[in-house]
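Let's take a friendly walk through a protein model together. Keep the sequence and the 3D view open as you read.

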Amino acid sequence: QVQLRESGGGLVQPGGSLRLSCAASGSIFSINGMAWYRQAPGKQRELVASISGGGNANYVDSVKGRFTIARDNAKNTVSLQMNALKPEDTAVYYCSAYIRSTSTGWYNHWGQGTQVTVSS
């Protein structure tokens, strides 16, 4: 069984920074792409940033230059460094990873989500 667990959310003032972390655990054989999504109240979930197994990163336009996604393949982790945060970044952030477990094929796994609130 594979699990993703996020940490690092919280309340921050506009202009501040937060770092989200996500650790994959369980019967993992291989991990391909990893990503961060977010969902604000009343809005659809959107892809914020993604990173391939080779380290190529992509970002939604609204966070380019402010957010940085990174992964540690040895530790099966992915992080999201968020700087210059704005109130519109307020959302529940979800970690996602395309994982092949030792018992099943490839499957897109999700974390439980962590709340990020940007407010003065």
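Leaving aside its neighbours within four places in sequence, which residues is Ser 7 in contact with? They are Arg 19, Leu 20 and Ser 21, where contact means heavy atoms within 4.5 Å.

## Before we go on

This is a predicted model, in which local features need pLDDT of at least 70, side-chain atom pairs count only at pLDDT 80 or more, and totals for chains, interfaces and linings use all residues. Residues are numbered from 1 along each chain as its sequence is written, and side-chain values use heavy atoms, with hydrogens and water left out.

Ser 7 lies in strand E1; strands here are DSSP runs of E with at least two residues, and helices are runs of H or I with at least four, numbered from the N terminus. Ser 7 has a relative accessible area of 40%, so it is partly exposed. That label covers values between buried, under 20%, and exposed, over 50%, using a 1.4 Å probe and protein chains only. Ser 7 and Thr 114 are 107 residues apart along the chain, yet their C-alpha atoms are separated by 6.6 Å.

Strand E1 belongs to an open sheet of four strands, ordered E1-E3-E8-E7, with antiparallel pairing. At its edges are strand E1 (2-7) and strand E7 (67-72), each of which pairs on one side only. From one strand to the next, the twist averages 15°; axes are lines fitted to C-alpha atoms, for helices over the stretch in contact, and angles run from 0 to 180 degrees between N-to-C directions. Inside the sheet, strand E3 (residues 18-26) and strand E8 (residues 77-82) run antiparallel and are joined by six bridges. Two strands count as paired if DSSP finds at least two bridges between them. The bridge partner of Leu 20 in E8 is Leu 80.

## Strand E9 and its partners

Strand E4 (residues 28-39) pairs with E9 in the antiparallel sense over nine bridges, and Met 34 stands opposite Ala 97 in E9.

E9 also runs antiparallel to strand E10 (residues 106-110), with five bridges joining them. A hairpin of four residues links E9 to E10, and Ile 99 has Tyr 107 in E10 as its bridge partner. With strand E11 (residues 114-118), E9 pairs in the antiparallel sense over three bridges. In E11, Gln 115 is the bridge partner of Val 92, and Thr 114 is the bridge partner of Tyr 93.

## Two faces of E11

In a regular strand, side chains alternate between the two faces of the sheet. E11 has a covered face made of Thr 114, Val 116 and Val 118, and an uncovered one made of Gln 115 and Thr 117. Strand E2 (residues 10-12) pairs with E11 in the parallel sense over three bridges. There, Leu 11 has Thr 117 as its bridge partner.

## The nonpolar core

How many residues does the largest nonpolar core have? It has 29, and those with the most contacts inside it are Trp 36, Phe 67, Val 78, Leu 80, Met 82, Tyr 93 and Ile 99. Such a core is a set of buried Ala, Val, Leu, Ile, Met, Phe, Trp, Tyr and Cys residues joined through side-chain atoms within 4.5 Å. The largest share of this core, five residues, comes from E9. Ile 99 touches several residues beyond four places away in sequence, among them Val 2, Leu 4, Ile 28 and Trp 106.

## Rings and a charge

A search of the whole structure finds two aromatic pairs. In one of them, the rings of Tyr 98 and Trp 106 have centres 5.4 Å apart and planes at 20°, so this pair is stacked. Rings of Phe, Tyr and Trp (its six-membered ring) pair if their centres lie within 6.5 Å; planes under 30 degrees apart count as stacked, over 60 as edge-to-face and the rest as tilted. Tyr 98, at 35% relative accessibility, is partly exposed, and Trp 106, at 38%, is partly exposed too.

Finally, look at Arg 45. Its charged end sits over the ring of Tyr 94, 3.8 Å from the ring's centre. The charged end of Arg 45 also sits over the ring of Trp 110, 4.8 Å from its centre. A charge sits over a ring if NZ of Lys or CZ of Arg is within 6 Å of the ring centre and within 35 degrees of the ring normal.
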